[in-house]
Amino acid sequence: MSQRHPENGLFIWTPEQLLAATAQLNGEWIGLEAADSSSLRATRIITDTRKIEAGDIFLAIVGENFDGHSFVASAVEKGAIATIVSQPLSEVNVPQLKVDDTRLAFGQIAAYRRQQHPNLKVIALTGSSGKTTVKEMLRHIFAQVEAASADAQSTTLVTRGNLNNDFGVPMMLLELEQQHRYAVLELGANHVGEIAYTAAMVKPDVACILNIGTAHLGEFGGRDNIAKTKAEIYQPLTQASTAVVPCDDDYSDQLMSTAKQHTDTVIGFGWHSLEQRTAKLPAVYATEVKTTALQSRFQLHFAIEGKAPAMVSVLLPMAGEHNVSNALAAAACAYAAGVSAELIAQGLNQAKSSKGRLGRQRLGQHHIIDDTYNANPNSMRAAADVLAAQEGTKILVLGDIGELGDDAVSEHYKLGEAIANKAVDYMLCAGEFAKDTVAGASSQGMTQAYAFDTKADLLPKLIELVQTQQQQGQVCTLLFKGSRTTTMETLIDDLTQISTSPSSL
């Protein structure tokens with residue numbers, strides 16, 4: 001098998017660089033002869049042997065349920081020219097870089113890689129909800145920057161999927177190429193200290209918290225701990241960096257105070273709190289907000305201290321007031337990274353929802369909104385607001401919210417109370433806490449709310465409901481949502497298959 005040659009634009013790893021990157025973990029080459037040192041070059045460090053190609057370096061990660069050292073021989077067979085291990089293998093005939101801990105080495109190597117791109121503008125995002133949407137908005141904004149740039153080779157690295165933890169973030173950093181001008185990296189957490197670890201690795205130029213919600217509430221033990229953990233994203237900031245803070249959040253003052261401990265440049269964004277704020281407006285805010293079933297229109301204002309104020313019109317092709325807030329966050333981040341107000345507006349005008357995030361499809365004469373990607377209490381309420389703005393009979397189909405711990409019953413009950421006070425006609429819930437959501441809705445007078453143990457139990461009622469509405473000449477809009485573990489999208493698939501049968505809807 002021939003070795004893959006380094007290509008233009010790709011970072012090339014040498015033995016010396018890997019030693020420097022892992023110095024804190026006592027990195028030491030074993031089996032590397034002087035003659036080999038000058039020729040050992042690689043553009044990829046891979047942790048999955050299924051993705052190994054000739055010329056790669058294999059990093060043997062040790063996890064809770066696996067040990068990459070078991071796959072070292074397989075990696076070498078597939079063409080790995082070196083390995084990074086904590087337990088050298090005597091039978092391996094390629095150079096091995098021994099380190100104290102391979103998972104920590106992954107982070108150290110990624111941090112080293114980040115440092116080799118001093119001209120890269122890095123935006124780091126965290127928050128209880130909206131991270132993926134804001135990430136996609138920024139992708140569209142920077143696409144406009146690239147289109148307007150004289151450098152046709154400039155590109156933007158954006159976190160793929162859920163690669164936002166202590167394993168996913170270094171994986172994304174190792175994909176940096178020389179032509180990358182911007183990087184938009186999502187930082188998630190399910191325990192205190194995780195964002196501090198990844199933020200130190202990323203060293204963001206712009207660090208943004210979108211909101212402090214109740215996602216992972218059970219794992220953190222309360223919103224105060226969630227706020228402290230999210231605020232870890234500001235720790236690596238310097239006076240040359242910018243912190244972006246959500247002014248509409250009830251933790252705004254606390255986050256602002258924490259941010260100012262690390263940088264003097266703090267930009268607030270928001271619009272819900274404009275009427276309540278008499279002292280000072282957020283630096284990035286919206287006025288004349290009008291949301292419809294399909295889009296949101298508003299005036300986007302920039303009132304950054306030391307810069308001339310700017311205002312641009314935005315027609316965001318996304319529904320929901322929460323997406324106006326997401327757009328403000330994206331605008332604040334992009335502006336802090338040096339993007340003009342005009343290009344920001346152009347990018348937001350082109351933004352589209354990703355799969356499972358308020359995506360739309362037809363079911364005969366009816367409309368389905370697929371918001372099944374994930375859920376927390378805040379995003380559930382926002383989804384109900386989106387449904388309430390639609391036409392026809394409005395049917396909300398919900399799965400459980402996960403990771404709420406001891407607060408699960410009360411949070412689902414409060415969710416039901418909130419939905420009962422929105423313009424939603426029917427609510428069908430499936431799962432362990434469905435009865436709690438329905439109980440909350442019933443307490444507020446909602447009579448068309450139904451609880452089911454499973455999705456299979458729910459489906460016949462949903463079919464009956466849609467068929468009845470159709471017989472009465474009513475068009476339905478159905479919105480499906482639940483935590484990732486509930487896979488509510490399977491109900492959409494079931495309903496779609498039934499609609500194509502001889503006795504279709």
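What share of the contacts in the protein chain with a separation of 6 or more is accounted for by residues 24 or more positions apart? The figure is 67%. Keep in mind throughout that this is a predicted model.

**Whole chain.** Select the protein chain and show its C-alpha trace, which spans about 80 × 60 × 45 Å along its principal axes. Switch to a cartoon: the chain holds 17 helices and 20 strands. Its radius of gyration is 25 Å, close to the 23 Å that the globule rule gives for 505 residues, so the chain is as compact as a globular protein of that length. Now colour by relative accessible area; buried residues make up 54% of the 505 residues.

**Helices 13 and 14.** Next, select residues 377–388, which form helix 13, together with residues 408–420, which form helix 14. Their axes come within 10 Å of each other and cross at roughly 20 degrees. Angles under 35 degrees count as roughly parallel, and helix 13 is therefore roughly parallel to helix 14. The crossing of the two helices is right-handed.

**The contact.** Show side chains on both helices. On helix 13, pick P377, M380, R381 and A384; these make its part of the contact. On helix 14, pick E411, K414, L415, A418 and I419, which make the other part.

Key. Residues numbered from 1 in each chain as written. Predicted model: local features only at pLDDT ≥ 70, side-chain atom pairs only at ≥ 80, totals over all residues. Heavy atoms only, no water. Axes fitted to C-alpha atoms, helices over the stretch in contact; angles between N-to-C directions. Helix = DSSP H or I, 4+ residues; strand = E, 2+ residues; numbered from the N terminus. Parallel < 35°, antiparallel > 145°, perpendicular 65-115°, else oblique. Left-handed = near helix turned anticlockwise from the far one by under 90°. Contact = heavy atoms within 4.5 Å. Rg over C-alpha atoms; globule rule 2.2 N^0.38 Å. Buried < 20%, exposed > 50% of the residue type's maximum accessible area, 1.4 Å probe, protein only.
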